[in-house]
Each structure stands twice: as C-alpha cells, then as structure tokens.
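Visitor: Hi! I'm new to this one, could you walk me through it?
Guide: Happy to, let's have it on screen.

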Amino acid sequence: MEKFKLESLSKVLTFFIGFTLILGVLVTLSLPYMLKMYFTTYDFVTYLPEITDWNHYYAVLFTLGPSGVCACVLLWQLLKILKSASKQNPFVAQNVTCFLVMSVCCLLIAILFTILSVLYPTAFTFALAYTFYVLWLACLVFGKLFHKAVEYKSENDLTV
C-alpha cells in the first residue's frame, strides 16, 4: 500500500513538472512578443515614470529570457531525478550531476535577478534573487549528500 501511494504521488508530480516544463518553454519562446505587447499597452509613465524608453524592454527581456531557459533546465533535471527515483534507484551519479546543473541554473537566475533588482528595486526582484540564492545552496548541499550516498552505496555493493 505504501509503495502504491509513493508511485502514484511520483506520477502526479512527474505530470505537473512535465506540464510546467511545457508551459515554461512556451512562455520563454513567446517572451519577446508578450513583453512587447505589455510594454506597448501598459501605461508605465503613470505608475513608473522612470520607464520611458525601450531600453527597459531589453533589460527585462535579457533577464527573463535566460531565467526562463534556466528554469526549464531546472525542471528537466527534476524530471530526470524523479525518473531514477521511480526506478527505486535514486542514489546514482546522474542525480549528483543533476543537482550540480540545478545549482548552476539557480545561481544564474539569482545573479540575473540581483542585476535586475539594482535596475528596478522592487520587493519582488529582491525576493526572487534571495530565493534562488537559497535554492543554489540547497542544490549544492543535496548534490554533496547524493554524492556521499553514491559513494556509500558503491562501497556497500563491493563488500556484498
């Protein structure tokens, strides 16, 4: 019964991450068009008088575009980890690599939003930068933990 719950939960999580990945790819690809539409229809001068030219469009585009790519890579790595976990074999070198790739993506997103928060100092950009710095460190820690687990598993396999 417990195995069934874990497998069904893993399948639901895999579905939602896969769905989010597809949406992320679509949004990232359509980002230039969506931002252009947003920048031309929204009255920035009333709410944000400092935004008056298209340089801000490019600043946001060059932050959100690479961040979207990194987010898609993050989701792809999570799918790979879930796939190995569903095979009852989570402690493999591939998952260590996945966590390291995820940590690099989180760091890149954090740096991009740190730069954006200097240009547009809002609570949202600061919160995103902070969140991704924390996720960067968490992915590094999980990568090290999985690396140790892989080492212990290989030592244990050799002694048996």
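Guide: What follows is a short chat about this predicted model.

Visitor: How many helices and strands does the chain have?
Guide: There are five helices and zero strands. Going along the sequence, the pattern reads α-α-α-α-α.

Visitor: What is the average pLDDT of the chain?
Guide: The average is 87, and 86% of the residues score at least 70.

Visitor: And where is confidence lowest and highest?
Guide: The lowest is helix α2 (residues 44-47), with a mean of 56. Helix α4 (residues 93-119) has the highest, at 95.

Visitor: Let's pick a residue. Where is Ser67?
Guide: Ser67 sits in helix α3, which covers residues 55-86.

Visitor: Is Ser67 buried or exposed, and why?
Guide: Ser67 counts as buried because its relative accessible area is 7%, while the cut-off for buried is under 20%.

Visitor: Which residues does Ser67 touch?
Guide: Leaving out residues up to four places away in sequence, Ser67 touches Ile109, Leu112 and Phe113.

Visitor: What about α3 itself, how does the distance between its ends agree with what its residues should span?
Guide: With 32 residues at 1.5 Å a residue, α3 should span 46 Å. The C-alpha atoms at its ends are 46 Å apart, so the two agree.

Visitor: Which residue with a positive phi follows α3?
Guide: That is Gln88, with phi near 60°. Gln88 lies in the loop between α3 and α4.

Visitor: Changing topic: what is on the surface?
Guide: One feature is a nonpolar patch formed by Val12, Phe15, Phe16, Phe19, Ile22, Leu23 and Leu26. Together these residues have about 710 Å² of accessible area.

Visitor: Take Ile22, then. Where is its place, and is it buried or exposed?
Guide: Ile22 belongs to helix α1 (residues 2-41). Ile22 is exposed because its relative accessible area is 53%, and exposed means over 50%.

Visitor: How much of the chain is buried?
Guide: Of the 160 residues in the chain, 33% are buried. The accessible surface of the chain comes to about 10700 Å², and 75% of that belongs to carbon and sulfur atoms.

Visitor: Last one: how many of the contacts join residues at least 24 apart?
Guide: Among contacts between residues at least 6 apart in sequence, 70% do.

Conventions
Residues numbered from 1 in each chain as written. Predicted model: local features only at pLDDT ≥ 70, side-chain atom pairs only at ≥ 80, totals over all residues. Heavy atoms only, no water. Helix = DSSP H or I, 4+ residues; strand = E, 2+ residues; numbered from the N terminus. Buried < 20%, exposed > 50% of the residue type's maximum accessible area, 1.4 Å probe, protein only. Contact = heavy atoms within 4.5 Å. Expected span 1.5 Å × (residues − 1). pLDDT = per-residue confidence, 0-100. Patch = residues over 30% accessible without salt bridge, like charges linked within 9 Å, V, L, I, M, F, W, Y side chains within 5 Å. Areas by Shrake-Rupley, 256 points an atom, 1.4 Å probe, with all protein chains shown as cover. Salt bridge = Lys/Arg side-chain N within 4 Å of Asp/Glu carboxyl O.
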